[in-house]
Structure formats: C-alpha cells, structure tokens
Amino acid sequence: MRSIALTVTTNASGAGSVTVNIGYHALLFAVEWGLGTFDAGVDAVLKNDDTLNGTDETILTLTDANTSRKYYPRILEQDLAGADLTTRTLPLMGGDVTLTIASGGNVKTGTLWLYLLEA
C-alpha cells in the first residue's frame with residue numbers, strides 16, 4: 001500500500017485546491033482527512049481528473065468536515081449490460097487527483113491522505 005498527501009492552503013476567501021499526478025493506476029482503499037487549521041464548516045471534494053477516457057470523476061464529497069477521520073469511498077459496480085448494481089467496489093484511480101476546498105477560512109491548511117493499492 002502506498003500513501004499520497006494532498007495538502008491545501010486556502011486563500012483569503014477560504015477556497016483552495018491542489019492537483020497531484022499519482023503516476024500510476026491504483027485502487028483507492030481509503031482516505032484520511034486531516035482537518036488541520038480549517039475553520040468549522042469546511043467542505044472538500046476529491047476528484048480523479050483526466051482519466052484515460054478524458055473524464056473527471058468525483059470520488060468523495062465532504063460537507064462540514066469538521067473532524068479528522070478515515071473514509072472508505074466506494075463506487076457502484078455494473079452488470080454486463082452496464083446497468084448499476086447494488087454492490088460497490090474500490091475506485092480505480094489514475095492520472096491527476098484534485099482536492100478542492102471551500103469555506104475553509106482565511107489562509108488555513110489541511111491534508112487528505114490517499115491510501116492506494118497498486119492495480
């Protein structure tokens with residue numbers, strides 16, 4: 001398992017983002033949210049940008065993420081016809097990964113760690 005840290009420092013309006021190219025394809029096992037110095041009411045969105053087919057995929061959206069904790073994001077599986085099933089699996093990550101912060105406070109910092117399994 002490998003970990004990658006996404007650390008964001010907000011601007012005066014409380015917004016900020018960071019993009020990291022993870023350099024290989026991996027399954028996302030878990031993320032660890034480190035509140036850091038963000039103000040109460042902070043919102044965070046984790047996206048896998050520029051996947052092989054050129055689309056962006058939202059992996060996790062946190063609203064009022066006021067405590068540090070681990071999350072285990074999962075996505076729906078599909079059947080052979082492409083219809084969504086009720087079962088979930090680990091998301092496949094590759095290319096750029098972006099963490100975007102809103103309502104984080106004036107020049108505040110926090111980190112989201114990705115725990116990745118090589119695919």
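Predicted model: local features only at pLDDT ≥ 70, side-chain atom pairs only at ≥ 80, totals over all residues.
1. Tyrosine 72 has a relative accessibility of 46% and therefore counts as partly exposed.

2. The cut-offs matter here: under 20% would be buried and over 50% exposed.

3. The aromatic pairs in this model number 2. In one of them, the ring centres of phenylalanine 29 and tyrosine 72 are 5.9 Å apart with the planes at 85 degrees, so this pair is edge-to-face. Phenylalanine 29 belongs to strand β3 (residues 26-34), while tyrosine 72 is in the loop between β6 (69-71) and β7 (75-78); the pair therefore ties together parts 43 residues apart in sequence.

4. The rings of tryptophan 33 and phenylalanine 38 also form a pair, with centres 5.8 Å apart and planes at 15 degrees, so this one is stacked. Planes under 30 degrees apart count as stacked and planes over 60 as edge-to-face. Both tryptophan 33 and phenylalanine 38 are buried.

5. Phenylalanine 29 has a further contact, with arginine 74. The charged end of arginine 74 sits over the phenylalanine 29 ring, at 5.6 Å from the ring centre.

6. Met1, Phe29 and Tyr72 make a nonpolar surface patch of about 340 Å². Methionine 1 is in the segment that precedes β1 (2-9). With a relative accessible area of 65%, methionine 1 is exposed. The other two members, Phe29 and Tyr72, are the residues of the edge-to-face pair.

7. Two residues deserve a look for their backbone angles. Most residues other than glycine have a negative phi. Serine 103 is not a glycine, yet its phi is positive, at about 60 degrees. The residue lies in the loop between β10 (96-102) and β11 (109-118). Serine 103 has 43% relative accessibility, so it counts as partly exposed.

8. Valine 107 is the other case: its phi is positive, near 50 degrees, and the residue is not a glycine. Valine 107 is likewise found in the loop between β10 and β11. Its relative accessibility is 53%, so valine 107 counts as exposed.

Notes:
Residues numbered from 1 in each chain as written. Heavy atoms only, no water. Helix = DSSP H or I, 4+ residues; strand = E, 2+ residues; numbered from the N terminus. Buried < 20%, exposed > 50% of the residue type's maximum accessible area, 1.4 Å probe, protein only. Patch = residues over 30% accessible without salt bridge, like charges linked within 9 Å, V, L, I, M, F, W, Y side chains within 5 Å. Areas by Shrake-Rupley, 256 points an atom, 1.4 Å probe, with all protein chains shown as cover. Salt bridge = Lys/Arg side-chain N within 4 Å of Asp/Glu carboxyl O. Phe/Tyr/Trp six-rings, centres within 6.5 Å; stacked < 30°, edge-to-face > 60°. Lys NZ or Arg CZ within 6 Å of the ring centre and 35° of its normal.
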